[in-house]
Amino acid sequence: QVQLVESGGGEVQPGGSLRLSCAASGFTVSSGYMGWYRQAPGKQRELVATISSSGRLNYVDSVKGRFTISRDNAKNTVFLQMNRLKPEDTAVYYCYAGLFDFWGQGTQVTVSS
């Protein structure tokens with residue numbers, strides 16, 4: 001049974017950092033494409049960052065240089081390190097397993113002073 005459990009969201013001031021985790025079970029995160037997406041109120045869900053099975057990374061332009069996606073195969077977990085956060089990064093962040101077209105439940109990130 002495929003499961004994705006996100007954690008690490010919260011509220012932070014502009015310029016702060018958060019690290020999101022996506023713990024997978026029922027499959028191995030290195031077996032296929034994994035991604036982080038986000039959805040702000042009133043907006044469509046958008047891609048934030050992806051990591052392929054080969055380790056190729058991809059980012060939306062708005063987070064390049066600030067966010068880093070990575071995975072720990074031993075922990076079967078994908079991470080999203082978010083630095084220099086901005087109010088416009090506020091959204092629910094979702095983990096996605098491309099091999100199964102499966103979404104996690106989401107974790108709220110709020111950037112506010």
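Predicted model: local features only at pLDDT ≥ 70, side-chain atom pairs only at ≥ 80, totals over all residues.
Is Ser53 buried, partly exposed or exposed? At 41% relative accessibility, Ser53 counts as partly exposed.

Ser53 sits in the loop between strand 5 and strand 6. Setting aside residues up to four places away in sequence, Ser53 touches Ser30, Ser31, Gly32, Tyr33 and Arg71. There is also a distance to note: Ser53 and Val29 are 24 residues apart in sequence, and their C-alpha atoms are 7.9 Å apart in space.

Arg71, one of those contacts of Ser53, takes us to the next part. Arg71 has Val78 in strand 8 as its bridge partner. Strand 7 and strand 8 pair in the antiparallel sense, over 6 bridges. The two strands form a hairpin with 4 residues between them, and in the turn Asn76 has a positive phi of about 55°.

Now strand 8 itself. How many of the residues of strand 8 are buried? The count is 5 of its 6 residues, so strand 8 is mostly covered. On strand 3, strand 8 has another antiparallel partner, and 6 bridges join the two. Within strand 8, Met82 stands opposite Leu18. Strand 3 is also joined to strand 1, residues 3–7, by 5 bridges, and those two strands run antiparallel as well. There, Glu6 has Cys22 in strand 3 as its bridge partner.

Cys22 brings us to the disulfide. A search of the whole structure finds 1 disulfide. The disulfide joins Cys22 to Cys95, with the sulfur atoms 2.0 Å apart. Cys22 lies in strand 3 and Cys95 in strand 9, so the pair ties together parts that are 73 residues apart in sequence. The link is left-handed, with -80° about the S-S bond. Both Cys22 and Cys95 are buried.

In general, nonpolar side chains tend to be buried together in soluble globular proteins. Here the largest nonpolar core has 29 residues, and the members that touch the most other members are Met34, Trp36, Leu80, Met82 and Tyr93. Which strands each supply at least two residues of this core? They are strand 3 (18–25), strand 4 (34–39), strand 5 (46–51), strand 7, strand 8 (77–82), strand 9 (91–97) and strand 11 (107–111).

Take Met34 as an example. Not counting residues up to four places away in sequence, the residues that Met34 touches include Leu4, Phe27, Val29, Ile51, Ile69 and Val78. Cys22 and Cys95 are also among them, and these are the two residues joined by the disulfide.

That leaves the charged residues. Side chains of opposite charge can pair when their charged atoms come close.

Glu46 is partly exposed, with a relative accessible area of 31%, whereas Arg38 counts as buried at 6% relative accessibility.

In another pair, Asp61 forms a salt bridge with Lys64, and the closest N and O atoms are 3.0 Å apart. Asp61 counts as exposed, at 60% relative accessibility.

The remaining pair on my list is Asp89 and Arg66, where the closest N and O atoms of the salt bridge are 2.8 Å apart. This pair links distant parts of the chain, 23 residues apart: Asp89 is in the loop between strand 8 and strand 9, and Arg66 is in the loop between strand 6 and strand 7. Why do we call Asp89 buried? Buried means under 20% relative accessible area, and Asp89 is at 1%. Arg66, at 6%, counts as buried too.

A polar atom of the side chain of Arg66 lies 2.9 Å from the backbone oxygen of Ser62. Leaving aside its neighbours within four places in sequence, Arg66 is in contact with Gln81, Met82, Asn83, Arg84, Leu85, Lys86 and Asp89. Met82 is one of the residues I named in the core.

Finally, the salt bridges connect to one another in part: Arg38, Glu46, Arg66 and Asp89 are linked in a network of salt bridges. That is where I will stop.

Key
Residues numbered from 1 in each chain as written. Heavy atoms only, no water. Polar contact = N/O pair within 3.5 Å; in protein donor to acceptor, adjacent residues only side chain to side chain. Contact = heavy atoms within 4.5 Å. Core = buried A, V, L, I, M, F, W, Y, C linked by side-chain atoms within 4.5 Å. Buried < 20%, exposed > 50% of the residue type's maximum accessible area, 1.4 Å probe, protein only. Disulfide = S-S within 2.5 Å. Pairing = 2+ DSSP bridges. Salt bridge = Lys/Arg side-chain N within 4 Å of Asp/Glu carboxyl O.
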